[in-house]
Amino acid sequence: MRYRDIIWNGLWKQNSGLVQLLGMCPLLAMSNSVVNAAGLGLATVAVMALSNFAVAILRGLIPFEIRIPVFILIIAALVTIVDLAMKAWMHPLYLVLGIFIPLIVTNCIVLARIEAFAAKNPPAAAALDGAMMGLGLTLVLVVLGAVRELIGTGALFAGIDMIFPGGRALQILPADYPGFLTVILPPGAFFVLGCLIALRNWFAARASRNERPDAAAVSAAA
Amino acid sequence: MKIEREEASAARISARTALIMVLFTLAFTTLMAWVYVSTKGAIEASDAEEKLRLIGEVLPPDAYDNALLKDSVEIAAAPELGMTHPSRAYRARKAGKPVALVIEAAAPDGYSGKIELILAVRVDGEAASVSAVRVTGHRETPGLGDYIDPKKDRNKQQPWIDQFAGAGLAKQWRVKKDGGPFAQRAGATISARAVTQAVGRALQFAADNQKRLFAEP
């Protein structure tokens, strides 16, 4: 039951992209195509699961007063290690994701989940929380990337051949579609993200109207 | 008395906290250093492989038979190449005879900053000519100016950058908009102009310096 709560929190109720709004820097910078978005998202999942796990193990040793510098130290070290390990043993993937890995340090959601969850919970739950929060962010990133790429260029999955050799971009709109540059540039990320947040709020509001007593109990518990 | 004791215990707590911070820093620095050392060999090997793959895109591997990555010379920062720092030129030879030079170049005047290029210049024909060019780094507008990189070029059959293949110094190194023979795409002339002129300058540099570069040890 508890694990189910963690999963539900990460994917929907406390979604880091749409509710906590904590992954903004990479979210807006890297969501201009599906492949970029999925790449950054998956790398974030790995780093968040690892860092939450590490902090949960070490949580008894970290004095309260210096927890933030220690957390930052742990995140930076793990990001560096993931970066080096991918560069050494998964080079083709590194060429695609490499530029995103250092960006993960700038993602506030990593530190936020360590502070809010991993520092107070056992390792397994913390790792699951990190992975689910990361996955929630990945889903938002991919939807954002798909909308922006489709409206912006008329195609989907450009650059997929960097991950799966032989893969081809999917031309959805007619080939003479002129493209819509604003959507690809950073302002487009704000527009599309705004629409996604509105859509999520609408769903959430409708759900709570339909089952009001239940929803009230959930929010009281939270 | 009481205040003194509090001060003493505050000092003790600070010292203890500082010690813990130092220990954490040491532990994680050691961990990073260990990962760095144990991945170093693998990273160098995959970097070399990647470099060969990139060179293979501008010069077919069957055009030369020497160990290309080992046969290189340093070029001092040359304004003709648009380089602000020294770069390496790789010398391709077949049966000991010079075949081509693989050099790095940069176009300083892209739409948003520098465009980095790698190109191979064939020197085994009558006159030096471009074998092929690839963009290795740029910040041109996605979806507009980034067609200079064939990975982003929507025309997969005839990528824009392929028009330089085989071109020699007899050509005017200008885009059509400026009266030259090289095509540009509507809406992003600046990117095409920058690359075209940079390739022309790099070709001239390679032609002028090929004897010296191949003669160097």
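Start by selecting chain A: of its 222 residues, 41% are buried, where buried means that 20 or more other C-beta atoms lie within 10 Å of a residue's own, exposed means 12 or fewer, and partly exposed is anything in between, with C-beta atoms placed from the backbone. This is a predicted model, in which local features need pLDDT of at least 70 and side-chain atom pairs count only at pLDDT 80 or more, while totals for chains, interfaces and linings use all residues. Residues are numbered from 1 along each chain as its sequence is written, and chains are lettered from A and ligands numbered from 1 in the order in which they are written.

**Stop 1: chain A as a cartoon**

Colour chain A by secondary structure and you will find ten helices and two strands; helices (H or I, at least four residues) and strands (E, at least two) are DSSP runs, numbered from the N terminus. From the N terminus, the order is α-α-α-α-α-α-α-β-β-α-α-α. Take the contacts in chain A between residues at least 6 apart in sequence: 76% of them join residues at least 24 apart. Here, two residues are in contact if their C-beta atoms, placed from the backbone, lie within 7 Å.

Now pick A:Leu21, in the loop between α1 (2–13) and α2 (24–30) of chain A. Its phi is positive, about 50°, although it is not a glycine. Most residues other than glycine have a negative phi. A:Leu21 counts as partly exposed because it has 14 C-beta neighbours inside 10 Å.

**Stop 2: helix α4 of chain A**

Next, select residues 67–89 of chain A, which are α4(A). The 23 residues of this helix should span 33 Å at 1.5 Å a residue, and its end C-alpha atoms are 32 Å apart, which agrees; the expected span is 1.5 Å times one less than the number of residues. Show side chains for the buried residues of α4(A), among them A:Phe71, A:Ile74, A:Leu78, A:Asp83 and A:Met86.

**Stop 3: where the chains touch**

Bring chain B into view. The contact between the chains takes 23 residues from chain A and 19 residues from chain B. On the chain A side, the elements giving two or more residues are α4 (67–89), α7 (123–153) and α8 (181–184). Which of them gives the most? That is α4(A), with twelve residues. Colour the chain A side by class and you get 14 nonpolar, seven polar and two charged residues; Ala, Val, Leu, Ile, Met, Phe, Trp, Tyr, Cys and Pro count as nonpolar, Asp, Glu, Lys and Arg as charged, and the others, Gly among them, as polar.

**Stop 4: the sheet of chain B**

Chain B has two helices and five strands, following the pattern α-β-β-β-β-β-α along the sequence. Buried residues make up 29% of its 217 residues.

The five strands form an open, antiparallel sheet in the order β1-β2-β3-β4-β5; two strands pair if DSSP finds at least two bridges between them. At the edges sit β1 (72–75) and β5 (129–137) of chain B, each pairing on one side only. From one strand to the next, the twist averages 25°.

Walk across the sheet strand by strand:

- β1(B) and β2(B) pair over four bridges, and B:Ser72 has B:Tyr90 as its bridge partner in β2(B).
- β2(B) is joined to β3(B) by five bridges, with B:Val102 in β3(B) the partner of B:Tyr90.
- β3(B) is joined to β4 (residues 113–122) of chain B by nine bridges, and B:Ile103 has its partner in B:Leu119.

Zoom in on the hairpin of β2(B) and β3(B), which has two residues between its strands. B:Ala95 in this turn has a positive phi of about 50°. It counts as exposed, with 8 C-beta neighbours inside 10 Å.

**Stop 5: the helix over the sheet**

Select residues 189–215 of chain B. This is helix α2, which lies across β1, β2, β3, β4 and β5 of chain B and runs at about 145° to β3(B); axes are lines fitted to C-alpha atoms, for helices over the stretch in contact, and angles run from 0 to 180 degrees between N-to-C directions.

Finish at B:Ala120 in strand β4 of chain B. Is B:Ala120 buried or exposed? It is buried, with 28 other C-beta atoms within 10 Å. Leaving aside neighbours within four places in sequence, its contacts include B:Val58, B:Leu59, B:Ala100 and B:Ser131. Draw a distance from B:Ala120 to B:Ala206: their C-alpha atoms are separated by 9.3 Å, although the two are 86 residues apart along the chain.
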